[in-house]
Amino acid sequence: MFFFTIRRIIASVLVLIASSFLVFALCAASFDPLSRYYTQNPRPPQAFFDNLREQFGLNDNFFVRYWNWLSGALTGDFGQTIGGTAVTDQLWGRLWITGKMIFFAVLIAVVLAILVGVVGAVRQYKPSDYAFTFLAYLLIALPTFWFAALLKEFVAGGINDAFGRQVLYTLGEESPGIASYGTPSEIFWDRLGHLVLPTICLALLSFAAWSRFQRSAMLDVLGSDYMRLARAKGLTYRRTVMKHGLRNALIPLTTVVALGIGTLFGGAIITEQVFVWHGMGEYLLKNGIGQNDINVVLGWLLISAVFVVLFNLIADVLYAVLDPRIRLA
Amino acid sequence: MKFSKRGAALVATGIAGAMVLSACGGGSSDSGGGEGDSGSGRVIFGESTDFPENLFPYIAAGNATSVANLLIRVLPGPYVVNPDFSVDWDQDLLASEPELDTSSGQVNTYEINPDAVWSDGTPITAADFEFTWRANRSSDPADGGCPALLGTTGYEQIASVEASGDDDKTVTVTYTTPFSDWQSLFGNLLPAHVMDNDDPAALCESITNGWPIADGIMDDISGGPWQIKAENIDVGSQIVTLTPNPEWWGEPTGLAQLVVQNIGNDPTAAVQAMSNQELGVIYPQPQLDLVSQIEDLSPAVESDVNFGLSFEHLDFNTTYGPLSSLAVRQAFTMALDRQEIVDQTVGQFSSDAEVLENRIFFNNQPQYQDTAPDEYKTQNTAMAKSLLESDGWVLGSDGVYAKDGQRLTVQIDTTANNPLRETTINVMIPQLAEAGIEATFNANPDIFAGAEKPTSLEAGGFQAAVFAWVGSPFRGATQSIYEQPQGDAIGQNYSRQGTQEIDDLFAQFQTEPDPDAQAELGNQIDALLWGQVATVPLYQKPTFIAYQSSISGVEDNSTQAGPLWNADTWTVQ
């Protein structure tokens, strides 16, 4: 197991370096961080442009620029944004915000997906199965931004109207400045009110696809010989399904969920945008690509890629836990 | 299989409990409360541009609309730009109207209000004017300047800034060469006692670092009714809370807190947050859906469309074959129905939208004159065709003119993903087709890139382009757009066209301190620019403000002063 992990990590580092090189090349070819100043009226003096070119390292050869970035990144220094802030400082804050947003969403989605997937498989072609299937496909088909807008309009609007005060919020993590004037319980309910809609939005959309995986994996398992054998040996149906069926049916879902979580750490881009959470997705789009900021894009890439790699590793380890026959040596 | 009710309840409790824990968990910094005895209530302003990384307004990192909005009532300046584009002296900072003496060169005298102090109690004096000048006067380190400065315009023409009078409250600014836009200077007065350094290199380093957002403004200094304390800046949540400046000597603020929250540019998020009363005031880029949805929230939410300092125009590249001919440019302009373009674009937002007939002054400026010749005022297809024919162009069987085997085709470039500009060009195309000119639309991602990108405005690899100039009521800066190119040094004259007469008038325009005489010169210049038709003005872009009707005093200022220009007078019920 240990050597397997080491091997995976070494391979991942090589993949990270190769991908950072490709993305650096792409950004260096297409980004021009000075472009917004050319049409500034009055035009800044030439010394201003020369100074920025020097500061951003634009006068250096491409390979020198890449090496400068890479050697910094290897020591944990992702360079500065074009606004002069350390990328590392910004990344942790962004990651924390995205983490807060997705943690409970993933938790809820996994629990729901397993429940609904198992129920759907056990009661195949029963009304409950049809209902959950319909719901899952409906959620899969809904565009995130639209689903979020519906939640805001009807769920937030409806609940707030029903209570006659603000219970659910549509913007940000907490009411601005509430820490300065709210009591601890007000702050608590305020944060919870901000967390509910993005969590529901992300959870339901992720759950929909995952529940389908869980259902088909469960169906596969239920039809297998060892399940029949377990029943023939006199185990109760409930014990067969829970102990022998579910455990095996979780293996495919583990891969899907692990990959999904890794990707979500790169930013639930649309959900962040719609609910105005300043997380990783916004960081890539606005601060990175929008500002033509190569250090931001690469910092984002590395951190997101690390999470994808990490959760893949976790998935591999979980395989071994769920299926004792798998021993990675 | 059945799940027990108890199991389901456990799962539900677990999840709910987890969310509860998350809500308890910290993550955002504590924000200090409002201080001072003035004002009550709080208003949240939804900033839709960005969250700044630096608050120092004179460098690239602090050169953002969001910074200008935050600082408008924090750092004082001698002049206030009003919503009607007029300019008045600031009666809080100054004791009397500044004097202009042109008897020998240009000398301005400012009398600072004896009560004016910074938020730490230090008096605002001539030393602050002198320091602001010295910090901004040069970008050449050899001359004691700083290359990080975004501009030195105006300050570089000042010979000296001297103190006199009681407590150094009289400021005398002497210019080496007259500067017509002198009222635009000292707009963000810098605190000398906090920032000054006798060593120019150390001062330049301090300017280059600026005021990083996480640290706030140096020493939390303020010279206006609002103060930004570092403890009230929440970088993670992108929220800045302004509180009353305890040392403010003018009328106290109407609110206890003004909160500026970055809400991004998603129009749906802004509308729903207004509907849910999470925001008090928003100032987004107007889009048709957004405006109509906000109007649906009336009377709880009030809104207003105005026309601001940014104007769209069509630029011809006069080095491109057909467009190098004046007759072709004239015919092109005659073929356009600019009223129709306005109706189909900004006219959708407000019936007040007008065709802009002047490049130097805006429709809503007092100096504005309609200088356009009659033939360009309405669509004039027949005249356009006859002009082309007299220039040797022959109408082909495909309905497009050609000359010496070259068809009269023009590709009109613009920025990618800009619906307003795309509509503008798409309205032009059939109008031009009627006059036998084949125009095509091209979204050019490199349009504003440097000269190393061949299709950029800088490199000149375009044929025609639609884009905007963002200006201020001080119009001297337009010189670099219309001055003749000197070899490769084109300034911002992307059409690469000009005359000596225009250059000479601009030289006077820049140095005429008398506002009336300057206005006359500006309109003369614009009349000459119509003679060249290297650029065609189209329309001013709209601004859009919306606010909860419980908030009083909100008024759009579509100049660079922005929506928060009078936020110290707002009150909330």
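These notebook entries record what I looked up in a predicted model.

**Entry 1: chain B as a whole**

I began with the secondary structure of chain B and found 14 helices and 21 strands. I then looked up the extent of the C-alpha trace, which spans about 90 × 80 × 45 Å along its principal axes. The radius of gyration of chain B is 27 Å, which agrees with the value near 25 Å that a compact globule of 573 residues would have. I noted that 52% of the 573 residues count as buried. Turning to contacts between residues at least 6 apart in sequence, I found that 65% join residues at least 24 apart.

**Entry 2: where chain B touches chain A**

I looked up the contacts between the chains: 63 residues of chain B are in contact with 59 residues of chain A. On the chain B side, the elements that give two or more residues are α1 (5–24), β9 (239–244), β10 (257–262), α6 (267–275), β18 (464–470) and α12 (479–482). The largest share, eight residues, comes from α1(B). By residue class, I recorded 28 nonpolar, 28 polar and seven charged residues on this side of chain B.

**Entry 3: helix α3 of chain B**

I asked how far helix α3 (residues 126–136) of chain B is enclosed by the rest of the structure. Nine of its eleven residues are buried, so the helix is largely enclosed. Among the buried residues of α3(B) I noted Phe129(B), Phe131(B) and Trp133(B), and also Asp128(B) and Glu130(B).

**Entry 4: backbone exceptions**

I kept in mind that most residues other than glycine have a negative phi, and that most peptide bonds are trans.

I found a cis peptide bond from Asn41(A) to Pro42(A), with omega near 5°. Pro42(A) lies in the loop between α2 (35–38) and α3 (46–55) of chain A. In chain B, the bond from Ser298(B) to Pro299(B) is cis, with omega near 5°. Pro299(B) is in the loop between α7 (288–296) and β12 (301–316).

I then looked up positive phi values. Phe85(B), which is not a glycine, has a phi of about 70° and lies in the loop between β2 (79–81) and β3 (87–89) of chain B. Phe85(B) counts as buried because it has 22 C-beta neighbours inside 10 Å. Asp219(B) has a positive phi near 60° and lies in the loop between α5 and β8 (226–234) of chain B. With 15 other C-beta atoms within 10 Å, Asp219(B) is partly exposed.

Key:
Residues are numbered from 1 along each chain as its sequence is written. Chains are lettered from A and ligands numbered from 1 in the order in which they are written. This is a predicted model: local features need pLDDT of at least 70, side-chain atom pairs count only at pLDDT 80 or more; totals for chains, interfaces and linings use all residues. Helices (H or I, at least four residues) and strands (E, at least two) are DSSP runs, numbered from the N terminus. The radius of gyration is taken over C-alpha atoms; the globule rule is 2.2 Å times the number of residues to the power 0.38. A residue is buried if 20 or more other C-beta atoms lie within 10 Å of its own, exposed if 12 or fewer, and partly exposed in between; C-beta atoms are placed from the backbone. Two residues are in contact if their C-beta atoms, placed from the backbone, lie within 7 Å. Ala, Val, Leu, Ile, Met, Phe, Trp, Tyr, Cys and Pro count as nonpolar, Asp, Glu, Lys and Arg as charged, and the others, Gly among them, as polar.
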